[in-house]
Amino acid sequence: MKRDELSRLDRREYERLMDARRRRQKRYRRFRLFCTLLVMTLLCVTVIFVMTMFFKIQSISVTGVTKYTEAQIVVTSGIKLEENIFRIKTGEIEQRIWEAYPYVEKVKIKRHLPGGVEIQIEQAKPAIALENGNSYVYLSEEMRVLEASAPEPDASMLLIRGIELKNVTDGQMVTFDMARVSTSEADAMRERIGAMQITAAEIFLDYVQQENPMRIDLIDVSDVYNIQLICDNRLIIEIGSLSDLAYKLHFVDKVVREELEPSAMGRIRMSGESKVSFLAENTQTEISRLRAGLPASSGNTFFNDPTPQPDEEGEGEGEEAEDGEEGEEEEG
């Protein structure tokens, strides 16, 4: 009996000791959590204090741009001296500068601790000139309008003729949905031709933006049944109609690369889908006329079929016969 009582007492004492131990561990965990939170709070307050009192902007620099002044870029950015360097919102500033200046292709804000800010700009280069009425629209490779009313481009830019854009403003991205395919007096045929011109221009631009295309200096889609190109400032290429244009363009590309000498000058004409004719000649004068929008010179008639058609011969003979009869009557 006494052993049972001792056993019960020992068990109670053991449970009491274990409860006390658990309470101590719980208090210790709470204390440790409190200390951790306190240290983190003090660290945060210290960091905020340091960032507020120190790291103030002492200098702002602009690199990579020549089209605009450094002062213009800085004013547009909204960054001010003595402002905390960590409070500037770089993403918003980059977007603001990009939207304000068409020739800014890419912009990046970089912090240089403790107090320097650098605005890095990649300036766009005019790659495409779109003849638009009496002026030109300069486009970047990304099809962004750099200048909506620009002077005549130099020979280094791709010139596109035959597409007119409406409501063009600097900085906007161009799609050929903006093209003027008809006017108030245009009939259904003119609208259809305008749509074909847009399709042709889109196919050419897709090709030009591919990797390592042949160099194209002029794309003329004014006549959708006689699309012309100037290639590498030495070849005049007559693609023909819009039919299978993408295939014909790649076929001509293969001919120029594999069949012609790198310095060959002359004219190339496509007949059908895979027939090509080439005439070696000095094309510099004719290329200058084509770039200026002038009609072909009378001496360049290689691709015109000189053989008169039977109907045309008959009509000519008939006209001569009528002239002869009139002459006889006058003599009588």
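Modeller: Below we go from the overall picture to single side chains.

Biologist: What should I know before we start?
Modeller: This is a predicted model: local features need pLDDT of at least 70, side-chain atom pairs count only at pLDDT 80 or more, and totals for chains, interfaces and linings use all residues. Residues are numbered from 1 along each chain as its sequence is written, and side-chain values use heavy atoms, with hydrogens and water left out.

Biologist: How many helices and strands does the secondary structure come to?
Modeller: The protein has seven helices and 12 strands. Helices (H or I, at least four residues) and strands (E, at least two) are DSSP runs, numbered from the N terminus.

Biologist: And how much of the protein is buried?
Modeller: Buried residues are 34% of the 332 residues. Buried means under 20% relative accessible area, exposed means over 50%, and partly exposed is in between (1.4 Å probe, protein chains only).

Biologist: What share of the contacts comes from residues 24 or more positions apart?
Modeller: Of the contacts with a separation of 6 or more, 51% are between residues 24 or more positions apart. A contact means heavy atoms within 4.5 Å.

Biologist: You said "salt bridge". How many does the count come to?
Modeller: Nine salt bridges. Each is a side-chain nitrogen of Lys or Arg within 4 Å of a carboxyl oxygen of Asp or Glu.

Biologist: What does arginine 161 meet in a salt bridge?
Modeller: Glutamate 131 is one partner, at 3.1 Å, N to O. Arginine 161 lies in strand E7 (residues 158-161) and glutamate 131 in strand E4 (residues 128-132), so this pair ties together parts that are 30 residues apart in sequence. Arginine 161 also meets aspartate 220 in a salt bridge, at 3.7 Å, N to O. Aspartate 220 lies in strand E8 (residues 216-220) and arginine 161 in strand E7, so that pair ties together parts that are 59 residues apart in sequence.

Biologist: Is arginine 161 buried or exposed?
Modeller: Arginine 161 is buried, with 6% relative accessibility. Aspartate 220 is buried too, with a relative accessible area of 12%.

Biologist: Where does aspartate 232 lie, and what is its phi?
Modeller: Aspartate 232 lies in the loop between strand E9 (227-231) and strand E10 (235-240). Its phi is near 55 degrees, a positive value in a residue other than glycine. Most residues other than glycine have a negative phi, and most peptide bonds are trans. Methionine 143 has a positive phi as well, near 65 degrees, and is found in the loop between strand E5 (135-139) and strand E6 (145-150).

Biologist: Which peptide bond is cis?
Modeller: The bond from leucine 113 to proline 114 is cis, with omega near 10 degrees. Proline 114 is in the loop between strand E2 (104-112) and strand E3 (116-123).

Biologist: Last topic, rings! What sits over the ring of tryptophan 98?
Modeller: The charged end of arginine 144 does, 3.8 Å from the ring centre. Likewise, the charged end of lysine 67 sits over the ring of tyrosine 103, 4.6 Å from its centre. A charge sits over a ring if NZ of Lys or CZ of Arg is within 6 Å of the ring centre and within 35 degrees of the ring normal.
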